[in-house]
Amino acid sequence: MKYVLFDVDGTLIDAVSNQRRVWATWAQRYELDPDEVYRVALRTRPLETFAQVAADRDARECLAVLHELEDEDVRSGVYTAFDGASELLRDLPPGAWALVTSNYEHRVRGRFLRTGLPVPDLIVDAPAVEEGKPSPMPYLRAAARLGAEPGHCLVIEDAPSGVRSGLRAGMTVWGVNAPDPVEGVHRHFVSLREAAPHILARITNPEGTAPV
């Protein structure tokens, strides 16, 4: 492997409570069941979520409200980087890694600033692609912009949709931050901290052997 492509939420930054809080507030605005809305939101993009849980509402208005809540959360919410994230990203060679997220770049930058994580040269966000995860487009776009062959890319993910996206892009996919492996991953690590030395070994010494 010569390049590593990271998902953000759930992989580098623990934002589960933030996401749940944002969607709960959004659901309350529209008098909807927060638990049901969040269940749908976990596996769909926002416009698809609105179509399922608020089909009678104006999708543009729904999206505007969601964006307002997410931007406020970036400013005032509490974020935590997963253990080992900062050291891992700082040890990777510049230009050898990128972020591939279903969020927006300005929010990712805000979260990284809040957590002290280094920001790479390349962030492929939601507006950068016509189809989000589990489509392969986000990861293929990142590879193309890095000048990389898909087979030379290692994807680090935590969620089933992201794992499917990386696999469909023809990349090696490792799963992190879950007690059990997501279906399809080539390797599974319970934590990012556990995965970090193996990631570094694959990128900094692609012909060598990862540590046991």
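Author: Let's start with the largest pocket, which holds about 1200 Å³ of space. Keep in mind that this is a predicted model, where local features need pLDDT of at least 70, side-chain atom pairs count only at pLDDT 80 or more, and totals for chains, interfaces and linings use all residues. Residues are numbered from 1 along each chain as its sequence is written, and side-chain values use heavy atoms, with hydrogens and water left out.

Reader: What makes a space a pocket or a cavity?

Author: On a 1 Å grid over the protein atoms alone, a cavity is a set of points where a 1.4 Å probe fits but cannot get out, while a pocket is an open set with protein on both sides within 12 Å along at least five of seven lines. Lining residues have an atom within 4 Å of a point. The largest pocket has 45 of them, and the closest to its centre are Gln 19, Ala 41, Leu 42, Thr 44 and Ser 102.

Reader: Which helix gives the largest share of that pocket's lining?

Author: That's α1, with 5 residues. By class, the lining of the largest pocket has 20 nonpolar, 12 polar and 13 charged residues.

Reader: How many cavities of 30 Å³ or more are there?

Author: The count comes to 1. About 40 Å³ of space lies in the largest cavity, and its lining includes Arg 45, Ser 102, Asp 125 and Lys 133.

Reader: Why are α1 and α2 called oblique?

Author: They pack at an angle of about 125°, with their axes 9 Å apart. Angles under 35 degrees count as roughly parallel, over 145 as roughly antiparallel, 65 to 115 as roughly perpendicular and the rest as oblique. α1 and α2 are therefore oblique to each other.

Reader: Where do α1 and α2 touch?

Author: With contact taken as heavy atoms within 4.5 Å, the α1 side includes Gln 19, Trp 23 and Trp 26, and the α2 side includes Asp 35, Tyr 38 and Ala 41. By class, this contact has 9 nonpolar, 1 polar and 2 charged residues.

Reader: And what makes α3 and α4 oblique?

Author: Helix α3 (residues 46-53) and helix α4 (residues 59-76) pack at about 120°, with axes 10 Å apart. So α3 and α4 are oblique to each other too.

Reader: Which residues meet there?

Author: Pro 46, Leu 47 and Phe 50 in α3 meet Ala 59, Cys 62, Leu 63 and Leu 66 in α4. By class, that contact has 7 nonpolar, no polar and no charged residues.

Key. Axes are lines fitted to C-alpha atoms, for helices over the stretch in contact, and angles run from 0 to 180 degrees between N-to-C directions. Helices (H or I, at least four residues) and strands (E, at least two) are DSSP runs, numbered from the N terminus. Ala, Val, Leu, Ile, Met, Phe, Trp, Tyr, Cys and Pro count as nonpolar, Asp, Glu, Lys and Arg as charged, and the others, Gly among them, as polar. Grid points are joined across faces, edges and corners, and a volume is the space filled by probe spheres set on the points.
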